[in-house]
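Please look over the sequence and the structure shown here before reading on.

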Amino acid sequence: MMRQYELVERVQRYKPDVNEALLNKAYVYAMQKHGHQKRASGDPYFSHPLEVAAILTDMHVDEATVAVALLHDTIEDTSATRQEIDTLFGPEMGKLVEGLTKLKKLDLVSKKAEQAENLRKLLLAIAEDVRVLLVKLADRLHNMRTLDHMPEHKRVRIAEETMDIYAPLAGRMGMQDMREELEELAFRTMNPEAHRAVTERLADIYERSKDVITEIEKSLSVLFEKYDIKAKVKSRQKKPWSVFRKMETKALSFEQLSDIFGFRVVVENEEDCYRALFAIHTTWSMVPGRFKDYISTPKQNDYRSIHTTIVGPSRQRVELQIRTRQMDDIAEYGVAAHTLYKDGAVVAGNGGLKLSKDTNAYAWLRHTIEQLSEGDNPEDFLENTKLELFQDQVFCFTPKGRLIALPRGATPIDFAYAVHTDVGDTCVGAKINGRIMPLMTELKNGDEVEIIRSKAQVPPAAWESVVVTGKARSAIRRATKNAIRKQYSGLGTRILERAFERSGKKFSKELLKPVLHRLARKDVEDVLAAVGRGELSSPDVVRAVYPDHKEERAVQPPRQREEGWFNLRNAAGMLFQMPRSSEPEKPGRRESAGALPIRGVRGDLPVKFAPEGAVPGDRIVGIMHPGSGITIYPIQSPSLTAFDDQPERWIDVRWDIDEDTKERFPARVSVTALNEPGSLANISQVIASNDANIHTLSMLRTAPDFTEMVFDLEVWDLKHLNRLMSQLKENASVSEVRRVNG
């Protein structure tokens with residue numbers, strides 16, 4: 001186990017003016033607190049924070065970060081408290097240690113929810129001080145290095161969590177070395193057979209390729225000497241996990257992989273990057289489509305480099321990365337890079353180190369944290385964050401030249417939400433490179449995207465299955481919920497207005513505020529939505545506002561059918577009457593002055609039709625179904641008998657058809673036809689020639705001579721349906737036509 005002086009010496013190698021007193025104090029305190037605790041391996045527990053501190057010294061972090069590493073488990077696993085650490089080491093150190101402490105006392109319903117809440121806490125702490133991230137990743141790395149001592153079921157769970165969250169998080173923050181080692185260790189645990197097979201093949205390929213690698217390195221070095229470019233050339237081999245993932249996702253064999261080996265060219269400055277590129281491309285042929293300039297357009301994790309692939313000296317493909325020393329440090333260590341501290345990309349603030357708001361890594365973190373404030377539930381937040389972590393990127397531009405980085409597979413909808421949530425919510429179309437394109441179009445690098453907006457737009461729920469960014473998915477889900485809530489709230493308002501009117505009272509939302517506690521709702525909108533969903537009856541709301549009000553009910557059978565009249569109960573239990581007429585009712589005719597207007601399934605109310613359908617001209621009634629809104633039935637439907645003893649669910653409704661906006665309505669028709677070839681074709685031809693649409697068709701009963709078919713049709717109104725049925729009856733193939741009502 002490392003001694004105090006050894007730890008101090010490790011920091012002194014890159015920071016001669018190290019605060020030895022702080023390190024010594026943290027070392028002794030942590031060792032005393034962990035006392036005789038043991039790890040699963042049997043080693044003293046204190047060896048773990050000590051190794052975490054050692055990992056961080058390899059990144060050349062400051063002594064405060066090393067001290068936090070020594071203390072990071074004290075609050076969680078010992079008798080230490082935040083107050084005690086504040087007193088001994090200062091509030092800043094106490095805040096950092098607490099940011100690394102898992103949430104223990106939350107009453108969470110699932111392991112996934114617990115994982116999500118801990119990730120929330122971690123990301124918020126990282127936004128305050130980047131040292132939380134450095135310590136957390138070093139902590140996870142040491143735990144992965146010693147994972148073999150854990151029980152098998154825990155090993156797999158920890159490895160999956162590492163692969164899902166911590167490795168991609170390290171990548172998003174630019175810490176590529178850390179990411180690759182975490183992925184390697186997780187891969188070895190999750191799929192040991194595949195790991196062993198890939199590792200053995202890579203070792204075999206390396207042995208066979210050593211001479212070629214040496215030849216390429218030598219050829220590049222000679223070329224750079226010729227052009228007077230100071231450059232260091234080094235080869236690199238793809239990691240087993242990277243190889244395995246590429247083989248799986250692209251269905252490739254080992255022999256088909258062309259980039260198992262790559263070469264890195266490290267030069268003095270940016271100008272030399274482009275001089276080196278010129279020398280390479282004028283000496284060897286470039287492979288088309290394999291050039292990327294991440295210097296002019298950095299990745300979201302601040303990675304900068306030039307990538308190109310050439311047909312090299314031995315006529316084989318050679319992948320090259322060209323970068324400066326500073327870019328190389330950032331590519332390897334990300335936000336932990338020593339050059340970042342010196343150049344101010346990680347800046348001091350309140351005595352700590354914070355991510356600069358100008359960095360892409362900070363921008364990604366800020367967008368992720370925006371989701372926290374938008375109220376996603378833990379599982380949604382975890383899912384969306386994983387989506388963000390895993391994706392490679394494309395770079396697109398707004399018409400004004402603003403760069404927007406998006407995951408591969410992103411659409412203009414994702415682009416709109418990346419610009420701003422309001423832009424996404426009001427998006428109705430998009431121009432890509434000046435041309436109007438479908439919103440489902442997959443964006444490519446360099447696309448210029450202009451979003452077409454409308455204030456009347458509400459994002460369709462179906463968009464959720466199209467988008468790939470967590471932010472877009474979360475915003476669409478939230479907008480859909482709000483739209484549904486608004487519909488139910490509007491329906492509830494109309495129901496209450498009529499209920500209060502029947503009671504001789506005037507309704508206003510202000511009347512509901514003093515009685516929210518009686519209705520067990522937190523705000524007025526909750527009351528209205530609950531009434532609209534059928535979870536709260538309108539008479540209950542009236543009685544809550546006016547406790548002395550007595551409802552007068554007409555004493556009659558729950559439902560009457562007399563010659564010439566239909567007696568219906570509305571939501572308040574009162575009766576209204578409608579005369580039966582032999583003439584079909586005209587669309588738009590008002591059945592009752594106080595009835596709710598129904599425009600169809602695409603109207604502004606949460607309305608659906610019964611399976612047998614209803615069309616303008618039918619006499620209709622609405623039945624409230626708690627949680628799903630109103631179902632519209634034709635008045636003659638036998639299904640209504642099931643609601644005879646539930647008068648509070650009956651809603652007075654009327655057709656309110658806009659003559660200028662044509663809309664079809666559902667109707668179910670049974671047709672008995674001759675069982676002979678061509679019968680179905682003849683019937684379908686009659687339906688089509690009458691401008692009706694077949695939605696579904698089922699064969700109800702088949703006999704040797706006749707077949708009964710049930711058509712779910714879409715027609716304009718009752719007159720249209722009657723005309724269609726008459727023409728079907730005249731068809732030679734048809735024996736009987738009747739409308740199905742329940």
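This is a predicted model: local features need pLDDT of at least 70, side-chain atom pairs count only at pLDDT 80 or more; totals for chains, interfaces and linings use all residues.

Residues are numbered from 1 along each chain as its sequence is written, and side-chain values use heavy atoms, with hydrogens and water left out.

The chain contains 26 helices and 26 strands, where helices (H or I, at least four residues) and strands (E, at least two) are DSSP runs, numbered from the N terminus. Of its 742 residues, 50% are buried; here buried means under 20% relative accessible area, exposed means over 50%, and partly exposed lies in between (1.4 Å probe, protein chains only). Among the contacts in the chain with a separation of 6 or more, 65% are accounted for by residues 24 or more positions apart, a contact being heavy atoms within 4.5 Å.

The helices α2 and α6 can be taken together, since their axes come within 12 Å and cross at roughly 155°; axes are lines fitted to C-alpha atoms, for helices over the stretch in contact, and angles run from 0 to 180 degrees between N-to-C directions. That crossing makes α2 roughly antiparallel to α6, given that angles under 35 degrees count as roughly parallel, over 145 as roughly antiparallel, 65 to 115 as roughly perpendicular and the rest as oblique. In this pair, Leu22, Lys25, Ala26, Tyr29 and Lys33 of α2 meet Glu84, Ile85, Leu88 and Phe89 of α6.

Two of those residues also bring in the aromatic rings, of which the structure holds 14 pairs. The ring centres of tyrosine 29 and phenylalanine 89 are 5.6 Å apart and their planes stand at 75°, so this pair is edge-to-face. The pair links distant parts of the chain, with tyrosine 29 in helix α2 (residues 20-34) and phenylalanine 89 in helix α6 (residues 82-89), 60 residues apart. Rings of Phe, Tyr and Trp (its six-membered ring) pair if their centres lie within 6.5 Å, and planes under 30 degrees apart count as stacked, over 60 as edge-to-face and the rest as tilted. Both tyrosine 29 and phenylalanine 89 are buried. Elsewhere, ring pairs link Phe187, Trp241 and Phe244 into a cluster.

Rings also take part in another arrangement, in which the charged end of lysine 505 sits over the ring of tyrosine 546, 4.7 Å from its centre. In a second case, the charged end of arginine 664 sits over the ring of tryptophan 716, 4.3 Å from its centre. A charge sits over a ring if NZ of Lys or CZ of Arg is within 6 Å of the ring centre and within 35 degrees of the ring normal.

Apart from its neighbours within four places in sequence, threonine 493 is in contact with Phe507, Lys509 and Leu528, and between threonine 493 and alanine 529, 36 residues apart in sequence, the C-alpha to C-alpha distance is 8.3 Å. Proline 539, in helix α24 (residues 538-545), counts as buried at 12% relative accessibility, and proline 539 is 40 residues from alanine 499 in sequence but 7.1 Å from it in space, C-alpha to C-alpha.

Two loop residues complete the walk. Asparagine 433, in the loop between β11 (427-432) and β12 (435-437), has a phi near 55°, a positive value in a residue other than glycine, and asparagine 433 is partly exposed, with a relative accessible area of 46%. Alanine 520, in the loop between α22 (516-519) and α23 (524-533), has a positive phi of about 60° although it is not a glycine, and alanine 520 is exposed, at a relative accessible area of 60%.
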